[in-house]
Amino acid sequence: MTNNKNIIIFDTTLRDGEQSPGASMNTAEKIQIAQQLEKLRVDVIEAGFAAASPGDFDAIYQIAKTINNSKICSLARAVDNDIKAAGEAIAAAKAKRIHTFIATSPIHMQYKLKMSPDEVIKRAVHAVQYARTFVDDVEFSLEDAGRSELPFMKEITQAVIEAGASTINLPDTVGYRLPQEIRYMVEQMVGFIDSISSYAIVSLHNHNDLGLAVANTLAGIEAGARQVECTINGLGERAGNAAMEEIVMTLKTRQDLFPGITTNINTKEIFLASKMVANITGIEPQPNKAIVGKNAFAHESGIHQDGVLKHQETYEIMKPEDIGIEKNNSIVLGKHSGRAAFKDTISRLGFSDLGIDELNIAFERFKLICDKKKEITDDDIRMIVADEKLNTNKTFEITAVQISDFSNGIPSAVVSIKHNDKIITDASIGDGAMDAIFKTIDRITGHNGTLVDYKVNSVSEGKDALAKVNCKVTFDDGEHTMLGHGLSLDTMIASARAYVGALNSHLSMQNMVNNTI
């Protein structure tokens, strides 16, 4: 199988990426990301962990019904109930996979599983055999393979391949190994698997605790791995996972070192995918993040600027256009622009699948902002459309906010909210304008929220820049933290919209859980 030069891209943004603290997503948001991953031409989408919660099960089930071209996968422990939940969640998928796992390192077997190596092998074989009753495609992971012993890895690998597993995943679960160690491990395992099977392949899943996830993944590809597990923006628990965009663009840019190695990824969809994941999770890549960071194609040094102007390749090894950043656009949008120009622009920015209602709402918001903002940038338009897509479930909707705040005074806020086609208005005082707004929203809606985190960013440059607010809130003393998104030229209005957006997500999740029960 190592003769095959095409690398399978297994994206786990919706599973491992969501395990990043504060990155939880609702079903509608996961479907949006899954659709963008399909546009990216991701081979396998790990849509979640079906047995984790009713919400996870529902999200996987809805994605399985929605996606046509990518294979849909659910994670499952080597436990019958997990595997059954995974099989049922992905049943409607056009192409499907169950990904089951058990720990194989001595430290995990002794202290976490409290099982002997023979018991672990028996459990693994049964898990693969049971998974095969639901799907033809089963992936088996040796959890903590980076700290496992090669003789045992080969023994359990042979057993699960004979039981029907076709992908053997070797996770560096704690991000401990260096590239040369990963290369050796993969070489050994690829050679062994090739000697016993004509169809099974090696996969890699590297964590970034030492900042080596991408380097380790590339070393594994050199050694014969033919599937890589990664996430958009390197999202993931602790220090994150290997970043898909870095792996893909390295393979594309350095064909001299990876001759003939390809992926099916449509790289022109990378930038939009990065933006979408950042908007939905509220976790922005750092400015100097490779490939998709704000400064990735920025040149401030005069020497660099001069060189790029004379010849792009002097300081750029890839083109912004390669990842979907369009540098030149002859159509400039403003308050006199019509629907046709607006639709053409959002299609160019990657939002060609908007329905008529979504298009009309986004266009009306665009026109309102044009009346107040001199220059509308691509980033503004991206955010207007994304904000509408992120706030489709509007149980409550902000219609007006008025605040009164001055030094040595008592801040107050008047808020109007639309609910069931009625406008409800109330007012409160607070310790500050923001506190007063949130207290008023609580009074109107009857739901008490606790603000966990709050972040505001400008969408573009200038004093009239749009404000994008993300806030994380728990409601009614619940255990789930919900993320809300708000966009406005006025930071206070954007904050109110973000807070209400979090509440709407909370109510949507509660309804879904109640319906499931």
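**Exercise 1. The sheet**

Determine in which order the three strands of the open sheet are arranged, and how they pair.

*Solution.* In this predicted model, the open sheet consists of three strands in the order E9-E10-E11, and their pairing is antiparallel. Next, identify the edges: strand E9 (397–404) and strand E11 (422–429) each pair on one side only. Finally, consider the angle between neighbours: on average, neighbouring strands of this sheet are turned by 15 degrees against each other, direction ignored.

**Exercise 2. The pairing of E9 with E10**

State how many bridges join E9 to strand E10, and which residue of E10 is the bridge partner of Ile 398.

*Solution.* Strand E10 comprises residues 412–419 and runs antiparallel to E9, with seven bridges joining the two. For Ile 398, the bridge partner in E10 is Ile 417.

**Exercise 3. The helix across the sheet**

Identify the strands across which helix H15 lies, and give its angle to E11.

*Solution.* Helix H15, formed by residues 433–445, lies across E9, E10 and E11. Relative to E11, helix H15 runs at about 135 degrees.

**Exercise 4. The surroundings of Ser 488**

Locate Ser 488, decide whether it is buried or exposed, and list its contacts.

*Solution.* Begin with the position: Ser 488 belongs to strand E14, which covers residues 482–488. The relative accessible area of Ser 488 is 10%; buried means under 20%, so Ser 488 is classed as buried. Then examine the side chain of Ser 488, which reaches the backbone nitrogen of Asp 490 at 3.1 Å. Leaving aside neighbours within four places in sequence, Ser 488 contacts Leu 466, Ala 467, Ile 493, Ala 494 and Arg 497.

Definitions and conventions. Residues numbered from 1 in each chain as written. Predicted model: local features only at pLDDT ≥ 70, side-chain atom pairs only at ≥ 80, totals over all residues. Heavy atoms only, no water. Pairing = 2+ DSSP bridges. Helix = DSSP H or I, 4+ residues; strand = E, 2+ residues; numbered from the N terminus. Axes fitted to C-alpha atoms, helices over the stretch in contact; angles between N-to-C directions. Contact = heavy atoms within 4.5 Å. Buried < 20%, exposed > 50% of the residue type's maximum accessible area, 1.4 Å probe, protein only. Polar contact = N/O pair within 3.5 Å; in protein donor to acceptor, adjacent residues only side chain to side chain.
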